[in-house]
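Colleague: Could you walk me through this model, please? I would like to hear about its charged pairs and its helix packing.

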Amino acid sequence: MGALTGDNAGLGTVMRDGAKTAVELYNKENPDAKVCLVEADSEGTETKAPGVAKNLAKQENVLGVVGPGFSGESHAALPIFEEAGLPIISGSATDPSLSEKGWKTFHRTLGNDATQGPAAAAYIKDVLDPKSVFVIDDNSPYGKGLADEVRKALGDVVKGDAQVEAKQTDFGAVVTAVASEKPDVVFFGGYYAEGGPLADQLKKGGVEATFVGADGLKDENFITAAGDAAEGVILTCPCIPGEQAEGDFAAQFEEIIGEAPGTYGAEAFDAANVFLDGIKDGVKTREAMLEYIKSYDKPGASKNVKFTETGESQDVVVWAYKVENGVIVPAQQIELGS
């Protein structure tokens, strides 16, 4: 479940393809007991998510959901999944409060923004060493939550703040505000649909600051939208580079999907495999699947997969990436707690 169409489908389809890879490999190894992958398109929005969740919840043979992809849609859908006892494992939703609602059905295979935000701030402080930072967010649960973590971690180095809205295209007022502050770094918390044009307009407005974003921008669509402004942009992500995944994941993904794994492909692959391992071990009900997830502890493509009592991943990594020659490449793993 995630954004398979809409403004942020570039992120959602990679997650779908990670799950698809896991299911196809499973069905190849278990031809007499095949599993069907149901693709549920929420467009990544809070308005579409409840209807999609209700449709999945009423299908009794659906034992688990890989997703939802984004934090906002997760907040909208999870009360429905909770009532239906339908377990979900997101490989991408990072809002910390998702694990603070008491939902028994919620799990994720990555670290949240309470980890990513301070890691992004540490990279900004230790590697970029700015005298001043301007922080912008898109007023979404994901973007604002992440930006607030960065604001908190950087403290007095933050000299300016601004907020934009989903589907906004004219960022003239923000560009003027940033240009007047002349910061060394601009951090944006949000998705590429707004982040790309924002970076482009900042550059055209004479802003020379290093642009830093997070996983919501880590997609080729950001580079397309940002144009020349994408070069040199830093992106953080609680996801591993696909080519550094454990085992044969990268090769298997490319063989099945036809391209190299992108952002959260490995994390979605791991989420799907939790459910597939449960089915292989004889799980036939949602209640039994929830119990199975509680004790799950196996190596995955992205990390060892094991969950805390609140559904958080016990193993967390955060990487910094950089746009070089029009391509997003790994820069370094960020040491947590630095």
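Modeller: Gladly, and one term comes up at once: a salt bridge is a side-chain nitrogen of Lys or Arg within 4 Å of a carboxyl oxygen of Asp or Glu. Please keep in mind that this is a predicted model, where local features need pLDDT of at least 70, side-chain atom pairs count only at pLDDT 80 or more, and totals for chains, interfaces and linings use all residues. Residues are numbered from 1 along each chain as its sequence is written, and side-chain values use heavy atoms, with hydrogens and water left out.

Colleague: Thanks! How many salt bridges does that rule give?

Modeller: Some of them join up: Asp-137, Lys-144, Asp-148, Arg-151 and Asp-161 are linked in a network. By the rule, the count of salt bridges comes to 14.

Colleague: Which elements hold Arg-151 and Asp-137?

Modeller: The side chains of these two meet in a salt bridge, at 2.9 Å from N to O. Helices (H or I, at least four residues) and strands (E, at least two) are DSSP runs, numbered from the N terminus. The pair ties together parts that are 14 residues apart in sequence, because Arg-151 lies in helix α5 and Asp-137 in strand β4.

Colleague: Is Asp-137 buried or exposed?

Modeller: Buried means under 20% relative accessible area, exposed over 50%, and partly exposed in between (1.4 Å probe, protein chains only). Asp-137 has a relative accessible area of 2%, so Asp-137 is buried.

Colleague: How many residues apart are Asp-148 and Lys-144?

Modeller: Asp-148 forms a salt bridge with Lys-144, the closest N and O atoms being 2.8 Å apart. Asp-148 is partly exposed at 31%, and Lys-144 is partly exposed at 33%. Both lie in helix α5, about one turn of the helix from each other, and their separation is four residues.

Colleague: And how many residues separate Asp-7 from Lys-167?

Modeller: Asp-7 forms a salt bridge with Lys-167, with 2.7 Å between the closest N and O atoms. Asp-7 sits in the segment before α1 (9-29) and Lys-167 in the loop between β5 (158-163) and α6 (172-181), so the pair links distant parts of the chain, separated by 160 residues.

Colleague: Now the helices. What is the orientation of α4 relative to α5?

Modeller: Two packed helices are described by the angle between their axes and the distance between the axes. Axes are lines fitted to C-alpha atoms, for helices over the stretch in contact, and angles run from 0 to 180 degrees between N-to-C directions. Angles under 35 degrees count as roughly parallel, over 145 as roughly antiparallel, 65 to 115 as roughly perpendicular and the rest as oblique. The axes of α4 (residues 113-128) and α5 (residues 141-154) come within 8 Å and cross at roughly 50 degrees, so the orientation is oblique.

Colleague: What is the angle between α1 and α9?

Modeller: The axes of α1 and helix α9 (residues 249-257) are 10 Å apart. The two helices are roughly perpendicular, as they pack at an angle of about 95 degrees.
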